[in-house]
Amino acid sequence: FPVTIWGAGILMDAIGSHRPVIAPNYGIFREIVRRYKIGVIYNKPEYIFNLVKKQKSSNYFRFLRATHKAAKIFTFSALNKQYWKYYKF
């Protein structure tokens with residue numbers, strides 16, 4: 001079953017554990033989910049059930065394969081490197 005995202009830490013945990021995601025339509029979540037094709041985006045929480053219900057099982061397996069690829073990109077060391085690139089002291 002996909003993981004519903006409420007924060008960045010949960011998104012990284014979902015990707016790290018190779019789980020497709022259901023994420024809110026916010027900038028960074030939308031960008032990651034769409035770029036890496038790891039799940040679906042919702043506009044309002046009350047839409048989640050219908051959004052999941054209308055997904056085909058083939059979509060789930062496609063998202064699952066995509067999270068395996070994304071997990072190689074979103075490692076702790078890669079994220080740490082990106083963090084320090086933006087916050088040099």
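Guide: Let us begin with a definition: a residue is called buried when its relative accessible area is under 20%, exposed when it is over 50%, and partly exposed in between. Please keep in mind that this is a predicted model.

Visitor: Is Ile 41 buried or exposed by that cut-off?

Guide: Ile 41, which lies in strand β3 (residues 39-42), has a relative accessible area of 16% and is therefore buried. Leaving aside residues up to four places away in sequence, Ile 41 touches Ala 23, Pro 24, Asn 25, Phe 29, Arg 30, Val 33, Arg 34 and Leu 51.

Visitor: How should I read a helix, and which residues of α1 are buried?

Guide: An α-helix has 3.6 residues a turn, so residues three or four places apart point the same way. In helix α1 (residues 8-16), the buried residues are Leu 11, Ala 14 and Ile 15. Because they cover an arc of only 95° around the axis, they sit on the same side of α1. Their cover includes β1 (3-4), β2 (21-24), α2 (27-36) and α4 (57-73). Just after α1, His 18 takes a positive phi of about 60°.

Visitor: Which residues make the nonpolar surface patch?

Guide: Tyr 83, Trp 84, Tyr 86 and Tyr 87 make this patch, whose area is about 520 Å². Tyr 87, found in the segment after α5 (76-86), counts as partly exposed because its relative accessibility is 47%.

Key:
Residues are numbered from 1 along each chain as its sequence is written. This is a predicted model: local features need pLDDT of at least 70, side-chain atom pairs count only at pLDDT 80 or more; totals for chains, interfaces and linings use all residues. Side-chain values use heavy atoms; hydrogens and water are left out. Patches are made of residues with over 30% relative accessible area and no salt bridge: like charges are joined within 9 Å, nonpolar side chains (Val, Leu, Ile, Met, Phe, Trp, Tyr) within 5 Å. Accessible areas come from the Shrake-Rupley method with a 1.4 Å probe; for residues, only the protein chains shown count as cover. A salt bridge is a side-chain nitrogen of Lys or Arg within 4 Å of a carboxyl oxygen of Asp or Glu. Helices (H or I, at least four residues) and strands (E, at least two) are DSSP runs, numbered from the N terminus. Buried means under 20% relative accessible area, exposed over 50%, partly exposed in between (1.4 Å probe, protein chains only). The arc is that of the directions from the helix axis to the C-beta atoms. Contact means heavy atoms within 4.5 Å.
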